[in-house]
Amino acid sequence: FPSHDIGMYGMMVFGQTIIRSLVLVLILYSSSMADFTCDSCTVESSTIIGKLIMSGTSPGLNHVSVRVSSGDAVEVDTGTTGATITNSVVYGGNLLLDANVSGSHNAFSVSGKTGIGTESFTNEIWSITDPFVSATDLHLHKSNGRQLIDKGTSSTSTTDIDGERRTKGSAPDIGADEYWSVDFLHIFSKP
């Protein structure tokens, strides 16, 4: 990380940085959830269990899976400009939009949207069944995850959270994980 700060309340990365294949589980400190702040950076092919804050100039999420049990899942901070969310899934909690955000091909299951900012998303799925293996494993579940398979749009991300090739089917999957069925892996792993 070129610029980062780890404190008792979470982690902050700032600057024109691309964070890839980050698996971050934020633990509770006192009564509030610790958070991860992306200030003017891009987070790609990563999973975050806890609150994610986007701030600064042009922060972006691309193929990110975010999960919380309550509170805010994603916050776009006051004064943020050019925030984008693409090919990402947010499950649980709320969207706190104190600045504008745009993007496409995302999936959300949130309690609500609050704040003074607006969202301009296209090709979104707003009501999803829990697509993950479990609350702590954000890989796509073989049955519930199907709602996100081949639903993304092409992007600069060529590998998923596990380092596996992205885009197995007709389009990339939404979220950090590109689902590979056992049958598909078996066919391509034969000599």
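Modeller: The chain has one helix and 18 strands, where helices (H or I, at least four residues) and strands (E, at least two) are DSSP runs numbered from the N terminus. Keep in mind that this is a predicted model, so local features need pLDDT of at least 70 and side-chain atom pairs count only at pLDDT 80 or more, while totals for chains, interfaces and linings use all residues. Residues are numbered from 1 along each chain as its sequence is written, and side-chain values use heavy atoms, with hydrogens and water left out.

Of the 191 residues, 48% count as buried; that label means under 20% relative accessible area, with exposed being over 50% and partly exposed in between (1.4 Å probe, protein chains only). The chain's accessible surface comes to about 9,000 Å², and carbon and sulfur atoms own 53% of that (Shrake-Rupley method, 1.4 Å probe, with only the protein chains shown counting as cover for residues).

Now the part you asked about. There are three aromatic pairs in the structure. Rings of Phe, Tyr and Trp (its six-membered ring) pair if their centres lie within 6.5 Å; planes under 30 degrees apart are called stacked, over 60 edge-to-face, and the rest tilted. One of the pairs is F108 with F121, a tilted one at 5.4 Å centre to centre and 35° between the planes. F108 sits in strand β16 (residues 107-109) and F121 in strand β18 (residues 119-122), so this pair ties together parts that are 13 residues apart in sequence.

W126 lies in the loop between β18 and α1 (182-189), so its pairing with F108 in β16 ties together parts 18 residues apart in sequence. W126 is partly exposed, at 34% relative accessible area.

K113 lies over the face of W126, at 4.5 Å from the ring centre; to count, NZ of Lys or CZ of Arg has to be within 6 Å of the ring centre and within 35 degrees of the ring normal.

Strand β10 (residues 60-67) pairs with β12 in the parallel sense over three bridges, and L61 stands opposite I85 in β12. β12 also pairs in the parallel sense with strand β15 (residues 101-104), over four bridges, with T86 opposite S104 in β15. Pairing here takes at least two DSSP bridges between the two strands.

Two serines are worth a click too. S40 is in the loop between β7 (35-39) and β8 (42-49), and is buried at 11% relative accessible area. The S40 side chain reaches the backbone nitrogen of T57 at 2.9 Å. S170, in the loop between β18 and α1, counts as exposed at 70% relative accessibility. S170 and K151 are 19 residues apart in sequence and 8.7 Å apart in space, C-alpha to C-alpha.

Methods
A polar contact is a pair of N or O atoms within 3.5 Å; within protein, one must be able to donate a hydrogen and the other to accept it, and residues adjacent in sequence count only if both atoms are side-chain atoms.
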